[in-house]
Each structure stands twice: as C-alpha cells, then as structure tokens.
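Reader: Could you show me how to read helix packing and charged pairs in a model?

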Amino acid sequence: METATEYWRLLLGPMYGDKIEKWIAFLNQEWKQAVSKDTWNMFFIFLQDYEKDPELSEYDETAAWPSIIDDFVEYIKEGKPE
C-alpha cells in the first residue's frame, strides 16, 4: 500500500492533490486491504468525474464502479476526511 500511495501522489497529486490525499486517508483509515487491478484501472476515470462534480451528487452507485470506490464516495459524503 505504501508504494501505491506514493505512485498516486507522484503521478496524480500535481493535478488532483486534495482528492488524492482524501483517497489515501480513506485507504489508511477505512480500507486497509489490497487495491484490485480493476480499481487501479478505473480510479483515474473516477478522478476525472470527481473533478467535474466535487460534491459527487451525480455519482451513480448502480454503475459498474469497484466497491472500494462506492465506499470512498460514501466516506466523502459522510464528511469523514474533514
């Protein structure tokens, strides 16, 4: 997980800094499991949507997102990273 978080910070941090830090906080506090290849593949697409809709009001829970991303959206909406 340490390597993954450093890659996210390095590659996506310059563009999505605060969102990446929220994601990493979520992983450290709530997830504590491995991140699947599906999550790796879809996370950048999710970040682009998150950038357009910071409140995640348009997030569709019935879409084919990995469950970790569904959990992250719930985490954000509950205000836990504040």
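Author: Let's begin where H1 and H3 touch (heavy atoms within 4.5 Å). Lys 19, Lys 22, Trp 23, Ala 25, Phe 26, Leu 27, Gln 29, Glu 30 and Trp 31 of H1 meet Ser 67, Ile 68, Ile 69, Asp 71, Phe 72, Tyr 75 and Ile 76 of H3. This is a predicted model, where local features need pLDDT of at least 70 and side-chain atom pairs 80 or more, while totals for chains, interfaces and linings use all residues. Residues are numbered from 1 along each chain, and side-chain values use heavy atoms, without hydrogens and water.

Reader: How many residues of the contact of H1 with H3 are nonpolar, polar and charged?

Author: That contact has 10 nonpolar, 2 polar and 4 charged residues; Ala, Val, Leu, Ile, Met, Phe, Trp, Tyr, Cys and Pro count as nonpolar, Asp, Glu, Lys and Arg as charged, the others, including Gly, as polar.

Reader: At what angle do the two helices pack?

Author: Packed helices are described by the angle and the distance between their axes. Helix H1 (residues 2-31) and helix H3 (residues 67-77) pack at about 105°, with axes 10 Å apart, so H1 is roughly perpendicular to H3 (65 to 115 degrees). Helices are DSSP runs (H or I) of at least four residues; axes are fitted to C-alpha atoms over the stretch in contact, with angles from 0 to 180 degrees between N-to-C directions.

Reader: And how many salt bridges are found?

Author: The whole structure has 3, each a Lys or Arg side-chain nitrogen within 4 Å of an Asp or Glu carboxyl oxygen. One joins Arg 9 and Glu 6 at 3.2 Å, N to O; they are 3 residues apart in helix H1, so about one helical turn separates them.

Definitions and conventions:
Angles under 35 degrees count as roughly parallel, over 145 as roughly antiparallel, 65 to 115 as roughly perpendicular and the rest as oblique.
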